[in-house]
Amino acid sequence: MLSSILRSIALVGTAALSLASIPFGAARADDTKLAQAPATAKDLGVMAVNLKDAVKFNYGFQGALQGAGTPNQAGLGAFIPLKFSKNSVAFVDVLVNANFNDYGNYSSIINTTVAGTTFSTSTRLGYRWLNGNRSWMYGVNAGYDSRPMASGPADTGVSVSNSQTVFFQQVAANLEAVSNTWNFNAYALVPVGDTEQQLNSFYNGGALDTYGLDVGYSITTDLRASVGYYYQSGDLGAADGSGVKGRLAYNLTNGLTVGANLSYDQAFDTRVSGDIKYRFGANGYGAPSIRKQQPVVMPVIQALATTGTANRDVRVHDLGCWKCFCGWTC
């Protein structure tokens, strides 16, 4: 595990150094011709794109390994356009995931392992629009996430009994901005209902409020790096504090993306995870041949129909014991 963490830190560090060495707005290798002969949006055909032709219903699968308070999971997702105007689209974005056991005896929520299969959901209703010359896409969305969680043994050596399956839920909101090179995502995850629950005879778990900002940069057409900051609170104050994270994502082929993630905060320490996403019927403007012809247009147009999978989980932490929660002495 230590060697994997060190390799991931080195990988994210290398990407960060590469990103830092590139001036804001500098042309990438595949944009050399555009840098030599600047083209207007009209020249590139951006203004002629009909969003009804470019932004289509798409669906597929996604999967992720456990992270900081999030489970091993795999499931299906879909992006459903609802209404178009000349420069905008309203949409629904839905995910359904099966959540699996934590691997080995390594808890994703700190002390109690997640055990047994449950099904979580995530729904976003949103609106995305392009600016006047279609060089930026902006968006806002909000929705609801649910997470039933089956608990198992503790990985601390503490003997527990009466393991429970509990139910957490949250409301969420996102703001996004995407250009050919940069992307920004600000988000808020706010648990509602019974946010602190008894998991077994010793530990209780709490759903976490999480607020963050991710900033991404396209190193090449297919490789993206991002860094993020987040603040989390919950589990009777045991998880309160700031964290940082990094991500590398690579587009293997049109519609198929793999990613590696690294995060650190005082509550969860260092966490490494990976993920994969594939969408059938993905935006036709993402075809490699067309993407090469229109390197400026494609990321912005594609972003209108992106199914987001990040920051969609109810994050759970379980440092405290339930006796402490009730005012007893452990």
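Q: Let's start with R128: buried or exposed?

A: The idea is to look at relative accessible area, where buried means under 20%. R128 has 4%, so R128 counts as buried. Keep in mind that this is a predicted model.

Q: What does R128 form a salt bridge with?

A: Side chains of opposite charge can pair when their charged atoms come close. Here the partner is E176, and the closest N and O atoms of the two are 2.7 Å apart. R128 sits in strand β5 and E176 in strand β7 (residues 165–178), so the pair ties together parts that are 48 residues apart in sequence. E176 is buried as well, because its relative accessible area is 17%.

Q: How many salt bridges turn up in the whole structure?

A: A search of the whole structure finds five. One of them joins D145 and R124, with 2.8 Å between the closest N and O atoms. D145 is in strand β6 (residues 137–154) and R124 in strand β5 (residues 118–130), so you can trace this link between distant parts of the chain, 21 residues apart, with strands given by DSSP runs. D145 and R124 are both buried.

Q: And D275, which side chain does D275 meet in a salt bridge?

A: That would be R247, at 2.5 Å from N to O. D275 belongs to strand β15 and R247 to strand β13 (residues 241–253), so this pair ties together parts 28 residues apart in sequence. R247 counts as partly exposed, because its relative accessibility is 25%.

Q: How should I read a charged residue like D318, which is buried yet has no salt bridge?

A: Start with the distance to the opposite charge: a salt bridge needs a nitrogen and a carboxyl oxygen within 4 Å. For D318, the nearest side chain of opposite charge is R271, and R271 is 7.9 Å away. Then look for other polar atoms. A polar atom of the D318 side chain lies 2.8 Å from the backbone nitrogen of N111.

Q: Where is D318 found, and what is D318 in contact with?

A: Look in the loop between β16 (316–317) and α6 (322–325). Setting aside neighbours within four places in sequence, the contacts of D318 include I109, I110, N111 and T112, and also L199, Y203, N204, G205 and D235.

Q: Now the surface. Which residues make the nonpolar surface patch?

A: For a patch, you look for nonpolar side chains with over 30% relative accessible area that lie within 5 Å of one another. Here F57, Y59, F61, L76, I80, L82, L125, I276 and F280 make one of about 850 Å². Elements giving two or more residues are β1 (58–64), β2 (72–84) and β15 (269–280). With three residues, β2 gives the most.

Q: Zooming out, what does the secondary structure of the protein come to?

A: Six helices and 16 strands. Of the 330 residues, 49% are buried.

Q: How much of the accessible surface belongs to carbon and sulfur atoms?

A: The accessible surface comes to about 15,000 Å², and carbon and sulfur atoms account for 63% of that.

Technical notes
Residues numbered from 1 in each chain as written. Predicted model: local features only at pLDDT ≥ 70, side-chain atom pairs only at ≥ 80, totals over all residues. Heavy atoms only, no water. Helix = DSSP H or I, 4+ residues; strand = E, 2+ residues; numbered from the N terminus. Buried < 20%, exposed > 50% of the residue type's maximum accessible area, 1.4 Å probe, protein only. Lys, Arg positive; Asp, Glu negative; His and termini not counted. Polar contact = N/O pair within 3.5 Å; in protein donor to acceptor, adjacent residues only side chain to side chain. Contact = heavy atoms within 4.5 Å. Patch = residues over 30% accessible without salt bridge, like charges linked within 9 Å, V, L, I, M, F, W, Y side chains within 5 Å. Areas by Shrake-Rupley, 256 points an atom, 1.4 Å probe, with all protein chains shown as cover.
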